[in-house]
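Dear colleague,

Please find below the structure that I am handing over to you, together with its sequence. My notes on helix packing and on the nonpolar cores follow.

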Amino acid sequence: MMQTIIPRRFFLRRYRAGHVLTMLCALAALSFAGGSSAAAPIAVAVADFDYFDTSGEVVDQSAEHRARVASFAKMLRDNLAAQGDYRVVTIECRDHPCTATSMSQDVFIAAARKAGARLVVYGGIRKMSTLVQWGEIQLLDLEAEKLLMRRTVTFRGDNDAAYRHAADFVSDALKETMPKP
């Protein structure tokens with residue numbers, strides 16, 4: 001009976017190859033498991049915005065201003081939701097609009113928490129003159145109980161395009177500041 005002698009190095013290669021293959025399979029399984037459990041989007045509430053017209057213009061534009069301020073908040077909500085990292089939730093209140101100044105601080109915070117928000121965006125826009133408006137935007141982390149951003153922005157124009165441009169700018173600033181899931 002003939003005995004086959006297999007060199008020792010063959011076993012080492014085979015052992016190493018099997019070991020490497022096992023490691024690769026384990027890593028692949030971990031990567032698939034990690035990919036399927038993506039982090040859930042962060043819940044963010046975008047409150048309605050206050051509006052103050054101190055321009056002293058003779059023509060009453062309050063209806064147009066209410067519509068533009070409402071569209072500004074809607075554009076912020078849409079821009080944040082479009083990214084996929086955030087889930088926009090709605091703050092409910094007895095009287096509309098639901099702004100940070102139309103409710104007491106405690107009621108506002110409680111309404112945002114009741115909506116399931118971790119983050120809340122709020123602020124106001126002030127028309128200073130025929131051409132110049134400025135907005136104060138704040139971002140609050142309810143979980144950490146910390147103000148993450150307080151930013152004043154100015155924009156020119158009192159038309160839909162000016163508000164759209166301002167909302168895009170503010171959305172970008174919020175996305176840079178907001179925590180990621």
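In this predicted model, helix α2 (residues 62–83) and helix α4 (residues 160–177) have axes that come within 9 Å and cross at roughly 40 degrees. α2 is therefore oblique to α4. The crossing of the two helices, α2 and α4, is right-handed.

On the α2 side, the residues that meet α4 are Arg 68, Val 69, Phe 72, Met 75, Leu 76, Asn 79, Leu 80 and Gln 83. Their partners in α4 are Asp 160, Tyr 163, Arg 164, Ala 166, Ala 167, Asp 168, Val 170, Ser 171, Leu 174 and Lys 175. Sorted by class, the contact of α2 with α4 comprises ten nonpolar, three polar and five charged residues.

The largest nonpolar core has 27 residues. Within this core, the residues with the most contacts are Phe 49, Phe 72, Leu 76, Val 121, Ile 137, Leu 174 and Met 178. Two or more residues are given to this core by each of β1 (42–46), α2, β4 (119–127), β5 (132–141), β6 (146–156) and α4. The largest share, seven residues, comes from α4.

As regards Phe 49, once its neighbours within four places in sequence are left aside, this residue is in contact with Val 69, Phe 72, Ala 73, Leu 76, Thr 99, Val 121, Tyr 122, Gly 123, Gly 124, Glu 136 and Ile 137. Another core, of 17 residues, lies apart from the one described above; among its members are Ala 45, Ala 47, Ile 91 and Ala 111.

With kind regards

Note on methods
Residues numbered from 1 in each chain as written. Predicted model: local features only at pLDDT ≥ 70, side-chain atom pairs only at ≥ 80, totals over all residues. Heavy atoms only, no water. Axes fitted to C-alpha atoms, helices over the stretch in contact; angles between N-to-C directions. Helix = DSSP H or I, 4+ residues; strand = E, 2+ residues; numbered from the N terminus. Parallel < 35°, antiparallel > 145°, perpendicular 65-115°, else oblique. Left-handed = near helix turned anticlockwise from the far one by under 90°. Contact = heavy atoms within 4.5 Å. Nonpolar A, V, L, I, M, F, W, Y, C, P; charged D, E, K, R; others polar. Core = buried A, V, L, I, M, F, W, Y, C linked by side-chain atoms within 4.5 Å. Buried < 20%, exposed > 50% of the residue type's maximum accessible area, 1.4 Å probe, protein only.
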